[in-house]
Amino acid sequence: MASRPDTATDTATDTATPAPPPANVGVVDGCRSGRPSSSIRFDWLMLAVSAWPLAGALSDAYAHINEPGLETFFTPWHALLYSGLIVVGGCNALVLWRNHRQGYAWSRAIAPGYELTLVGVCVLAVAGGLDLIWHTLFGIERDVPAIVSPTHILIVIGILLIVAGPLRSAFSRPQGQDVRGWAQAPLILSALLTYTMITIVLELTSPFSYRWASVGNVDLFANTPYPPVDSYLSQGFGLMSLMIQSALLMGLVLTLVRRWRLAPGALTLLIGVNALLISALMTDFSLVPGMFVAGIVGDLLLFLLRPAPDRRLAFRLFAFLLPVVVYGAYFVNLDLVSGVVWIIHLLFGSIMVTGLIGLGISYLVLPPTRASEAHA
């Protein structure tokens with residue numbers, strides 16, 4: 001990717017106290033036209049407050065998994081979630097009010113990228129009320145029903161719209177205002193929170209939660225009316241989990257790489273910390289070291305290959321190699337912790353499949369041009 005000027009110091013103005021408008025910004029119907037500009041400082045603020053309801057969602061997911069006696073809506077975890085909603089909503093309301101006093105119409109008083117944050121606050125508020133009614137009528141759900149409960153789906157949508165605010169803000173800036181280095185931290189952390197919220201929902205398919213490669217011909221359903229899980233079924237579940245998770249990871253990473261030359265440590269943070277948070281749900285952190293190693297190697301690949309839209313072959317190669325590194329490290333770590341029973345054909349074939357999925361995702365994120373990519 002062609003280097004871009006560092007604009008970390010070009011966006012020091014806080015959204016809550018917008019700078020005077022440029023000369024080409026006029027007055028329409030008595031209000032300033034355009035929107036208040038965003039800033040790195042405001043992105044940090046919104047990142048901090050949006051992490052609050054996500055922490056509530058994480059703790060609530062932990063309770064649904066590990067607290068079989070949970071039978072009430074009024075829990076400390078819900079208190080954390082909905083107090084976070086109040087904080088996020090209050091911050092956005094304050095920003096709207098201050099920007100309106102600066103002359104912006106109410107409909108344009110929020111910085112680009114944060115419009116959907118307001119929608120997320122409303123969705124989460126409505127979902128919270130409906131969740132109380134739902135639990136009162138039908139009780140507390142656990143496991144898979146907790147994932148697809150209608151009110152929980154609405155809660156997930158609301159939180160996703162909130163935590164992705166700084167990331168959308170970064171995407172809304174013109175290409176010439178892209179930031180580099182430490183100034184990328186809000187967008188990378190916002191991507192981490194977004195990725196974590198999605199992987200919480202897909203925890204059922206997480207290779208950190210269910211270590212199918214260590215199972216083999218083991219009767220997981222002993223003392224139940226269900227038949228034993230044979231190797232065919234466990235291998236199928238294991239392969240599907242790798243395919244789903246690699247598609248999710250590469251869709252996010254390649255979208256970021258297409259737009260920015262990510263700062264060193266970005267992939268270590270995204271891959272390693274996400275694994276740490278998901279492992280916390282199962283209170284087992286034994287596979288986390290491998291993911292931090294994979295993140296470090298991923299950052300090294302970014303440095304060496306420099307994948308970018310104008311370096312398409314490097315972009316494709318990176319898209320193939322990163323999931324290979326991630327799940328190669330996963331299997332090494334798993335073998336050291338609990339052993340791997342998959343035969344070599346399935347073990348190395350599944351790693352290769354994740355790389356091919358990453359390669360396929362790269363063609364969706366960065367479609368080929370009419371010119372041959374061999375000349376890119």
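This is a predicted model: local features need pLDDT of at least 70, side-chain atom pairs count only at pLDDT 80 or more; totals for chains, interfaces and linings use all residues.
Residues are numbered from 1 along each chain as its sequence is written, and side-chain values use heavy atoms, with hydrogens and water left out.

**Entry: Val332**

I placed Val332 in helix H11; helices (H or I, at least four residues) and strands (E, at least two) are DSSP runs, numbered from the N terminus. I then checked Gly290, which is 42 residues from Val332 along the chain, and found their C-alpha atoms separated by 7.6 Å.

**Entry: nonpolar cores**

I looked up the largest nonpolar core, which has 56 residues. Such a core is a set of buried Ala, Val, Leu, Ile, Met, Phe, Trp, Tyr and Cys residues joined through side-chain atoms within 4.5 Å. Phe318 and Phe331 touch the most other members. At least two residues of this core come from each of H6 (165-172), H7 (185-201), H8 (231-259), H9 (266-282), H10 (288-305), H11 (312-337) and H12 (344-365). H11 gives the largest share, 11 residues. I also recorded a second, separate core of 32 residues, which includes Phe42, Val88, Ile155 and Leu281.

I listed the contacts of Phe331 (heavy atoms within 4.5 Å). Leaving aside neighbours within four places in sequence, Phe331 is in contact with Ala213, Leu242, Val340, Trp342, Leu347, Ser350 and Ile351.

I read an angle of about 130 degrees between H6 and H7, with their axes 7 Å apart. Axes are lines fitted to C-alpha atoms, for helices over the stretch in contact, and angles run from 0 to 180 degrees between N-to-C directions. H6 is therefore oblique to H7; angles under 35 degrees count as roughly parallel, over 145 as roughly antiparallel, 65 to 115 as roughly perpendicular and the rest as oblique. The contact is made by Gly165, Pro166, Leu167 and Ala170 of H6 with Pro186, Leu187, Ser190 and Ala191 of H7.

I turned next to H7 and H9, which pack at an angle of about 35 degrees with their axes 10 Å apart. Residues making this contact include Leu192 and Tyr195 of H7 and Val273 and Leu277 of H9. By class, I recorded 13 nonpolar, three polar and no charged residues; Ala, Val, Leu, Ile, Met, Phe, Trp, Tyr, Cys and Pro count as nonpolar, Asp, Glu, Lys and Arg as charged, and the others, Gly among them, as polar.

**Entry: Thr117**

I located Thr117 in helix H3 (residues 115-138), where Thr117 is buried with a relative accessible area of 0%. Not counting residues up to four places away in sequence, Thr117 touches Met46, Val88, Asn92, Leu161, Ile162, Gly165 and Arg168.

**Entry: positive phi in two loops**

I found that Thr283 has a positive phi of about 50 degrees although it is not a glycine. Thr283 sits in the loop between H9 and H10 and is partly exposed, at 47% relative accessible area. I noted for Arg306, likewise not a glycine, a positive phi of about 50 degrees. Arg306 lies in the loop between H10 and H11 and is partly exposed, with a relative accessible area of 34%.

Definitions and conventions. Buried means under 20% relative accessible area, exposed over 50%, partly exposed in between (1.4 Å probe, protein chains only).
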